[in-house]
Amino acid sequence: MKPAILALLLAASLQAQIASLSTTDDGSVLYFTTPFTQPGAAQPAHGKSFRIDAQGLALQEARILEIVEAPVNVISNFYNISGIDVSGDGRITATAASRLCQENFCGSMVNTMTTVRGRGEPVDYSGPARLSPNGRYLAATITGIPRPTGARRSQWDLETGESWPLPYNSFAPSGRMITNDGTVLLKYDDDLQLFHRGALQRVTFHSESIEGAAIDAEGRSLIFTSRWPAPYNQYARVRRLDLATGELTTLLEGAADFTQPAISNDGSLALTVSGGQVFVLNTDGTGLRQLTSENDGIQTAILSGNGRVAYALTFGGRLLRIDVEEPKVTQILGRTAHVETESLHGAIGSAMLIKGTALDEPDLQVTIGGRPAPIVQAKPGELLVQVPWECAADPETQVALQTKAEYPLVEPMQFQAYVSALYPDIYGVPKHANTQQPVTLDDPAQPGETIYIQALGLGSVMAPVETGKPQPATPVPTLQKEFICRWSSGDPSFRFEMPYAGLVPGQFGLYQVNLVLPARLPSNPSHTEAAICSFEQEPNPPGFKVELALQP
């Protein structure tokens, strides 16, 4: 393998990843969008669509940025492809693209257009949108109010030309949202609702917190993932609703995470992601099977209309094809390195959390502000690095990642991180000091016991060491500035006893805060309470909020 250097300079980008996975009913072709480029190809570094079929990876569409005439400020064509959906037979596509837009009131509704191809001449529709399996109906997915320019969030019948305005404060579920008769599944006012030609029907009733949902092609049933209300919200479920009878069935339940539900066209097979792996089961609750056992974990998964093929994106940036019936997992695209840069913050001397894909290359090197940054911990989807003590506080600090690894797609983007003197944040969950186990409703915090919180960004300490050297236990590296914690409600003068707040000995830039709970805990029906921790002597006191499960 020829050595190549991949340099990723960190800056805000909402769509710097492989996204918008879509496939045909038979699963023979996978479509996705990304701003990544193929090495050596003359491709623009903004959003494009790709396809993978029996012939391999190929560019589907890329648009050239063109600045166009505008009465106010700057505007461009719809060049940045951000989404793609395909009909079940593969003949019709809906491609969403955004533009540069600095007009007054130029918001996301105005800023994105979906182009439908395969039904004669291409036609543009306002907003990002998705297709029904038969390719007849299109529905906008974006939330928000209609904009002053007159753009509306709508559903369209592509055959007759009819359209119906969608509720402005609803949004699309995670899976299929439109049936072959044009019924649209929406999450609206914290419930699932069905929208058909202007009529809205509520199908759930505030009894649970719904996270994702999908409807079958004929609109006979839907599945969704949810959690019980607090204090039982550690328990998640996959549920099925029969839309003809109203029967609601729980298919899976447990102290787990169930996300990204998908359902086959005939409503017989459901897919979900749990514990970083892909599972399928029959929608009568039988036949639960785990399809993947990937070390780098599953980030996103979809199911073909016939239920025979699934596709998954791992946290290592790999794309997998899964033959459901065998099951057989085939890698169709190798690792792709990517850094999620939205709200990327760090504090001088502290560990900084970077999320993305393929962040665990053994030869990975990181610099921050041009200085080497020690890697505290590397996982495929998460990188923890120490911001050098020598860095200056700067909202535009350059960060670079380098590796000799080669990738089928690369991200030729430059971006930055916001580095400050303080940026308190929690890393992980509160734990019992005596057992090092998480504080949960099943193992709550007890009156008078000590718990601890690992944190980032708490600033300078009394005994700092050089960047890249593990923090010794002596002299004790306690915080230089006063840090306090109190209950978020109740007596404002109350303060937790804090035996220790400072860097963790043996680590690089990782902090720990120990708290002694009072002998009398707050009384709360949910058996939970929040603590607020902050540097109160600072202007606009920086800090964080800690949710604690307490012994009732």
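The model described here is a predicted one.

Within this sheet, strand 11 (residues 137-140) runs antiparallel to strand 12 (residues 154-157), and three bridges join the two. Tyr137 has Asp157 in strand 12 as its bridge partner.

**The hairpin of strands 8 and 9**

Strand 8 (residues 112-117) and strand 9 (residues 123-126) are antiparallel and are joined by four bridges. Met113 is placed opposite Ser126 of strand 9. The two strands form a hairpin with five residues between them, in which Gly118 takes a positive phi near 110°.

In general, the strands of a sheet pair through backbone hydrogen bonds, in a parallel or an antiparallel sense. The pairings along this sheet are set out below.

| Strand pair | Sense | Bridges | Facing residues |
|---|---|---|---|
| Strand 25 and strand 26 | antiparallel | five bridges | Ala301 and Ala312 |
| Strand 26 and strand 27 | antiparallel | five bridges | Tyr311 and Arg321 |

Strand 26 and strand 27 form a hairpin with four residues between them, and Gly317 in its turn has a positive phi of about 75°. Strand 27 is in turn joined to strand 28 by a hairpin of four residues.

How many of the five residues of strand 27 (residues 319-323) are buried? Four of the five are buried, so strand 27 is largely enclosed by the rest of the structure.

Rolling a probe the size of a water molecule over the atoms shows where empty space is left. In this model, the count comes to three cavities of 30 Å³ or more. The largest cavity holds about 50 Å³ of space. Its lining consists of Gln17, Ile18, Phe36, Gln299, Leu313, Gly317, Thr336, His338 and Thr357. By class, three of the lining residues are nonpolar and six are polar, while none is charged.

**The disulfide and other buried positions**

A search of the whole structure finds one disulfide. In general terms, a disulfide is a covalent bond between the sulfur atoms of two cysteines. Here the bond joins Cys485 to Cys533, with an S to S distance of 2.0 Å. The link of Cys485 and Cys533 is right-handed, with 115° about the S-S bond. Distant parts of the chain are linked by this pair: Cys485 belongs to strand 41 (residues 484-487) and Cys533 to strand 44 (residues 528-534), 48 residues apart.

Are these two cysteines, Cys485 and Cys533, buried or exposed? Cys485 has 1% relative accessibility and therefore counts as buried. Cys533, at 0% relative accessibility, counts as buried as well. Another cysteine, Cys391, is also buried, with a relative accessible area of 9%.

Thr397 is located in strand 36 (residues 394-402). This threonine, Thr397, is buried, with a relative accessible area of 5%. Thr397 and Ala417 lie 20 residues apart along the chain, and their C-alpha atoms are separated by 5.3 Å.

How values were computed: Residues are numbered from 1 along each chain as its sequence is written. This is a predicted model: local features need pLDDT of at least 70, side-chain atom pairs count only at pLDDT 80 or more; totals for chains, interfaces and linings use all residues. Side-chain values use heavy atoms; hydrogens and water are left out. On a 1 Å grid over the protein atoms alone, a cavity is a set of points where a 1.4 Å probe fits but cannot get out, and a pocket is an open set with protein on both sides within 12 Å along at least five of seven lines; lining residues have an atom within 4 Å of a point. Grid points are joined across faces, edges and corners, and a volume is the space filled by probe spheres set on the points. Ala, Val, Leu, Ile, Met, Phe, Trp, Tyr, Cys and Pro count as nonpolar, Asp, Glu, Lys and Arg as charged, and the others, Gly among them, as polar. Two strands pair if DSSP finds at least two bridges between them. Buried means under 20% relative accessible area, exposed over 50%, partly exposed in between (1.4 Å probe, protein chains only). A disulfide is a pair of cysteine sulfur atoms within 2.5 Å.
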